[in-house]
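Subject: Structure for your review

Dear colleague,

Please find below the structure that I am handing over to you. My findings are set out after it.

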Amino acid sequence: MTSETITADAAGTWPLGDHSVHRIGLGAMRLTGSAAFHLGTPSDRTRSIAVLRKAIELGVNHIDTAAFYFSALRSANELINSALAPYPDDLLIATKVGPHREYDGEWGTAARPDQLRGHVEENLRQLGRDHLDLVYLRRMRQDSIAEHFGALAELREAGLIRHLGISDVHPRHLAEAQAIAPVVSVQNRFGLGLRTPAADELLRLCGEQGIAFVPFYAIAGERGERGAAENVDEVVEAVARAHGASPVQIKTAWTLHRGPHVLAIPGTGDPGHLVENVAAGAIRLTDEELARLDARHTTDA
């Protein structure tokens, strides 16, 4: 496939709140370094800004970020602001609140409900905006999210937030949140070969209810913030060869094939990888290929 000529249009669109976004977006975590947070070496600022501007050029209009996405020298929100402000009218920037990192990079205590306004205002300041398009409540192991989500719903009523989502949740949390305010998106760990029964059920529920489902770590899998593993499944490699594509592109394509409501947000700090990630939206897997790949998702192999 010729990645250079493929834009985000190839993946199709899905309504995310009052935006219509292309189903291939960009995760901002890897803009700050070779691995997430302080785990790698800080990124080259010029290259990260080039990634963001290239993304817009390729039609990406959904960027996923957070104030706690920063390395020793780089802040994802600052990079986004510097590269893209004034922002395109069709661009949706999603942020998440709940977790907290100190300036030295160490994780602090998760926010109480009354502290979430400060988290929202920090994202507003860093992004240079007067409202946030979409804010996810990232659950931090609490059994109930009602009080935290209710605090965000109040900020939505105040005009600081346009739309609400939830992240790292179980199916019962979706119903709990919906009893308080509309949920436009659910973000959970999900990917080929990464078995998460809660995410599988949420994927189904979101599809039935017309809610966007946005997997994170879809490529990295169990390695999470450390990035994708070097070894690749032989089935993925075989399908990749058949399409003249990379294994990462096949994993992204498989993710998009889970349903029209599934949005991919692969992250990268490399302009070349960005082009490949966007091009994955044009891959159409056959029924036989999907069956072989699905088998890798539903077994321990």
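The notes that follow go from the whole chain to single residues.

Please bear in mind that this is a predicted model, and the values below were computed from it.

The chain as a whole

The chain contains 10 helices and 9 strands. Its radius of gyration is 18 Å, which agrees with the value near 19 Å that a compact globule of 301 residues would have. The C-alpha trace spans about 50 × 40 × 35 Å along its principal axes. Of the 301 residues, 55% are buried.

His19 is placed in strand β2, which covers residues 19-22. Its relative accessibility is 13%, so His19 counts as buried, the cut-off for that class being under 20%. Apart from residues up to four places away in sequence, His19 touches Trp14, Asp89, Asp90, Leu91, Leu92 and Asp133. The His19 side chain also makes a polar contact with the side chain of Asp18, at 2.9 Å. Val275 is 256 residues away from His19 in sequence, and the C-alpha atoms of these two residues are 23 Å apart in space.

His119 belongs to helix α3, residues 116-127. This histidine is buried because its relative accessible area is 16%, again under 20%. Leaving aside neighbours within four places in sequence, the residues in contact with His119 are Val97, Gly98, Pro99, His100 and Ala111.

Ser43 is found in the loop between β3 (26-27) and α1 (45-57). With a relative accessibility of 13%, Ser43 counts as buried. When its neighbours within four places in sequence are set aside, Ser43 is in contact with Leu31, Thr32, Gly33, Ser48 and Arg74.

Backbone points to check

Most residues other than glycine have a negative phi, and most peptide bonds are trans.

The peptide bond from Ala85 to Pro86 is cis, with omega near -5°. Pro86 lies in the loop between α2 (76-84) and β5 (92-97).

Arg141 is not a glycine, yet it has a positive phi of about 75°. This arginine sits in the loop between β6 (132-138) and α4 (146-157). Its relative accessibility of 75% is why Arg141 counts as exposed, a class that begins over 50%.

Asp168, also not a glycine, has a positive phi of about 60°. The loop between β7 (161-167) and α5 (171-178) holds this residue. At 32% relative accessibility, Asp168 counts as partly exposed, because that class lies between the buried and exposed cut-offs.

Yours sincerely

Key: Residues are numbered from 1 along each chain as its sequence is written. This is a predicted model: local features need pLDDT of at least 70, side-chain atom pairs count only at pLDDT 80 or more; totals for chains, interfaces and linings use all residues. Side-chain values use heavy atoms; hydrogens and water are left out. Helices (H or I, at least four residues) and strands (E, at least two) are DSSP runs, numbered from the N terminus. Buried means under 20% relative accessible area, exposed over 50%, partly exposed in between (1.4 Å probe, protein chains only). Contact means heavy atoms within 4.5 Å. The radius of gyration is taken over C-alpha atoms; the globule rule is 2.2 Å times the number of residues to the power 0.38. A polar contact is a pair of N or O atoms within 3.5 Å; within protein, one must be able to donate a hydrogen and the other to accept it, and residues adjacent in sequence count only if both atoms are side-chain atoms.
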